[in-house]
Amino acid sequence: MKVSASAPGKAILFGEHAVVYGKPAIAVAVDRRAIVTIQEGTDNHINVKIPELDVRGVIDIDNQQISHLNPEDTSELSNDPFKSSYDAGILKYIQKALSNFKTDHGLDVQVDLEIPIGGGLGSSAAVTVATMAAAARYNQQELTLESLAKMAHQVELEVQGAASPLDTTISTYGGFIYFTHKDGAVKIETSMEMPLVVGHTSKPGNTGELILKVRKLKKNHPDIIGPIMDTIETITNEARESIINGEEESVGELMNINQGLLDALGVNTPKLSNLIYQARSAGAIGSKITGAGGGGSIIAYCPGKAKEVLKTLKSVENAFEVSISSKGVTW
Ligand code: MEV
């Protein structure tokens with residue numbers, strides 16, 4: 001038997017990092033996906049291949065140990081998933097995701113990626129959700145979207161040490177969502193078009209490490225960082241209204257204010273900053289980091305100027321356009 005499942009990446013428009021402290025966030029699923037294919041294995045192990053990253057790994061079914069078989073690096077992965085290489089860290093998500101599903105024989109698992117890894121576009125959540133969906137299908141096991149999102153969040157928590165349910169929720173349900181911890185994903189109904197250009201630095205951001213960095217800053221300066229989180233919450237709530245009412249200029253302004261506060265949280269880098277200002281000079285009305293920062297990507301909101309912004313960002317780093325996708329996980 002051979003089964004496949006896929007799940008989308010995402011772009012966070014408002015509220016990253018603050019969402020870790022119970023604040024709301026606004027995110028969209030994008031039309032770039034992780035596609036996972038599982039079939040019966042040729043030996044007694046779980047063999048994982050990720051062609052886009054040139055990463056291969058073997059998971060021992062009995063002790064769950066991962067061996068990383070990238071030809072350039074034969075070291076075994078330890079509990080630190082990123083010790084071997086950043087790209088190989090994705091094997092840890094796959095191992096944890098599959099450990100929720102029993103198998104008495106080996107498996108061949110292929111992961112095809114349309115999303116850059118560590119790029120702030122939810123690659124680890126998309127891989128985790130798609131892996132679990134494919135494994136459930138392979139085992140002919142019923143799985144509701146709600147329990148899939150919950151289990152995938154648990155995997156992110158275990159691998160990263162800290163994570164909000166935002167990435168795994170958007171990857172499961174797709175669409176344009178306002179996320180709160182109380183109500184989960186609530187669809188934003190709007191006729192607003194959101195042409196987004198992603199500027200992607202070649203340096204990946206490590207989400208777990210960045211969350212811990214912000215946590216430390218908050219612990220050291222609670223009276224400053226606490227109100228910053230509150231202000232991000234106000235921005236996100238105002239942005240929701242502006243999006244519903246189709247107020248483009250206001251959405252752009254709020255993105256730029258949110259960016260200033262992400263900078264204050266210490267997750268900006270010179271490369272991200274350069275992309276952000278280049279995008280604004282080329283006509284973006286809003287531009288900010290998307291996701292954890294520390295590397296990874298920026299998004300630029302550029303109604304009527306997508307071509308110009310794309311061209312400018314491409315001359316500096318990698319860049320591509322994304323469309324909002326209503327399609328969540330499919331299996
Ligand atoms: C990462 O895509 C978004 C963060 O808010 C972390 C999280 O929500 O788990 C930085």
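The model is a prediction in which local features require pLDDT of at least 70 and side-chain atom pairs count only at pLDDT 80 or more, whereas totals for chains, interfaces and linings use all residues. Residues are numbered from 1 along each chain as its sequence is written, and side-chain values rest on heavy atoms, with hydrogens and water left out.

Nine salt bridges are found in a search of the whole structure. K23 counts as buried at 14% relative accessibility, while D230 is partly exposed at 39%, the classes being buried under 20% relative accessible area, exposed over 50% and partly exposed in between (1.4 Å probe, protein chains only). A salt bridge also joins K187 and E189 at 3.8 Å, N to O, and both of these residues are exposed.

The salt bridge between D167 and K10 has its closest N and O atoms 3.2 Å apart. It connects helix α4 (residues 166–173), which holds D167, with strand β1 (residues 2–14), which holds K10, across 157 residues. D167 is buried, with a relative accessible area of 16%, and K10 is buried as well, with 3%. A polar side-chain atom of D167 lies 2.9 Å from an oxygen atom of the ligand, and an N or O atom in the side chain of S164 is 2.5 Å from a ligand oxygen atom. For H17, a backbone N or O atom lies 2.9 Å from an oxygen atom of the ligand.

An open sheet of four strands has the order β10-β11-β9-β12 with antiparallel pairing, two strands being taken as paired if DSSP finds at least two bridges between them. Its edge strands, β10 (286–290) and β12 (318–322), each pair on one side only, and neighbouring strands are turned by 25° against each other on average, direction ignored. Angles run from 0 to 180 degrees between N-to-C directions, with axes fitted to C-alpha atoms and, for helices, over the stretch in contact. Five bridges join β10 to β11 (residues 297–301) in the antiparallel sense, and S287 has A300 of β11 as its bridge partner. Helix α7 (residues 248–264) lies across β10 and β11 at about 40° to β10, whereas helix α9 (residues 306–316) lies across β9 (196–200), β11 and β12 at about 155° to β12.

G286 lies in strand β10 and counts as buried at 0% relative accessibility. Leaving aside neighbours within four places in sequence, G286 is in contact (heavy atoms within 4.5 Å) with G252, M255, N256, I299, A300 and Y301. The C-alpha atoms of G286 and Y301, 15 residues apart along the chain, are separated by 5.1 Å.

Methods
Helix = DSSP H or I, 4+ residues; strand = E, 2+ residues; numbered from the N terminus. Salt bridge = Lys/Arg side-chain N within 4 Å of Asp/Glu carboxyl O. Polar contact = N/O pair within 3.5 Å; in protein donor to acceptor, adjacent residues only side chain to side chain.
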